[in-house]
Amino acid sequence: MVFPVKAESRGNLERQLLRIAGAFLFLYAAILTLAPAARLHSWQAPYPWLHWSGWAAWLAGYWLTSRQLDRRLPDRDPYILPLVALLSGWGLLTVWRLDVTLGMRQTLWLTLSFLVIYLAARFPDLLRILRRYKYIWLSGGLLLTVLTFFFGSYPGGVGPRLWLGCCGIYLQPSEPLKFLLIAYLAAYLADQMPLKWSLPQLLAPTLIVASAATALLIAQRDLGTATLLIVLYTLIIFMTSDRRRILIIAAAVILAAGIAGYAIFDVIRLRVNAWLNPWLDPFGQSYQIVQALISIASGRIFGAGPGLGSPNLVPVSTSDFIGTAIAEETGLMGLSGLILLFSLLFIRGLTVAVNARGSYQRFLASGLSAYFAAQAIFILGGNLRLLPLTGVTLPFVSYGGSSLITATLSAAILLIISGQSEEQPT
């Protein structure tokens, strides 16, 4: 017998989980404030207070968002919003701890992400619009990526020109391109159901589009995102077709592409060599990964404590290596908790997919769930030297407006799909 879960019970569960997240982040912020006194062993220490503005913005934003969703999506999954809230809040306070200026900017991006959820919840036809105009949306994403070849810039001054910017505001087109490709694949494959063609005929149009997007990213030297697109494409096709040979073919393609890339691109060669043996050049090409390993090792089981480590010694600790900052100051326990949160988000996303009403919603939810899991594995695996460095961000946690907005929009889509799903068993 199936006992449906009432919307009121879902809302109460979500609010309880949000309170737990808020209490955790409150304690985290309080420890960051008191950390200078612990470091100096004296109460006569400069106490940081600005990060409390970030915590206040987080608290107000998610409280208002939860109330808005209670009216618009009362039957939504009660776990997704608390998981997203805890990840984004944890990342926000970590960015504040590492760089106050970037913390202020990330707070503004977080505020904008609340607006994204609000607007998505107010437009119930958003899924239909994404499906109906799938070619236009994806073409727009590809066009923005092409524009970086002519008008691209790097916010830090000197570096890969992967951003489009004006007046201090920057957009990295490769971030929304991931979402748009997933939306396109879900819409296209759903329109072909039930399958009438052979697999090569079915996949020909999608393979052309995915190859074009991957080629653009390779030309930009954004090789981590290119690899992620290949993995996402493979997972979505596998989940929709249930053909195991797709995984074998994709693994062979990625292996061949990796060997070719190692021979052609210096950046791939350097990253692979640093991954295989970082101690050959610890003060040169392998400096970043060596510092990351030292940072993680110094955290041990329980960490040095929030605000008491030295995570800034790792280059790009606010973005690519924010996982090492969390591991150094919260230890193996904190890193395990971070992995657990992404695992739960992946599981809830697949649960939403299983209970979705139609093929399009099912494919879209499973694709977005794969996006969260794959990107988290890529970047955390790179931080731990389980995988070569890819340069992608940790969803919700890393600094970056494009990454945060794209991840938040993806979570909002999962909330909409779950709010329109069939009744779920307890």
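Which helices each supply at least two residues of the lining of the second largest pocket?

Reply: This is a predicted model, in which local features need pLDDT of at least 70 and side-chain atom pairs count only at pLDDT 80 or more, while totals for chains, interfaces and linings use all residues. Residues are numbered from 1 along each chain as its sequence is written, and side-chain values use heavy atoms, with hydrogens and water left out.

The helices are α8, α9, α10 (244-264) and α11; helices (H or I, at least four residues) are DSSP runs numbered from the N terminus. The second largest pocket holds about 1200 Å³ of space. Its 40 lining residues include T227, I230, V253, I254 and A257, the closest to its centre. A pocket here is an open set of points on a 1 Å grid over the protein atoms alone, where a 1.4 Å probe fits, with protein on both sides within 12 Å along at least five of seven lines; lining residues have an atom within 4 Å of a point. Points are joined across faces, edges and corners, and the volume is the space filled by probe spheres set on them.

With eleven residues, α10 gives the most to this lining. By class, the lining of the second largest pocket has 30 nonpolar, eight polar and two charged residues. Ala, Val, Leu, Ile, Met, Phe, Trp, Tyr, Cys and Pro count as nonpolar, Asp, Glu, Lys and Arg as charged, and the others, Gly among them, as polar.

The loop between α8 (199-219) and α9 (223-241) contains R221. Although R221 is not a glycine, its phi is positive, at about 70 degrees.
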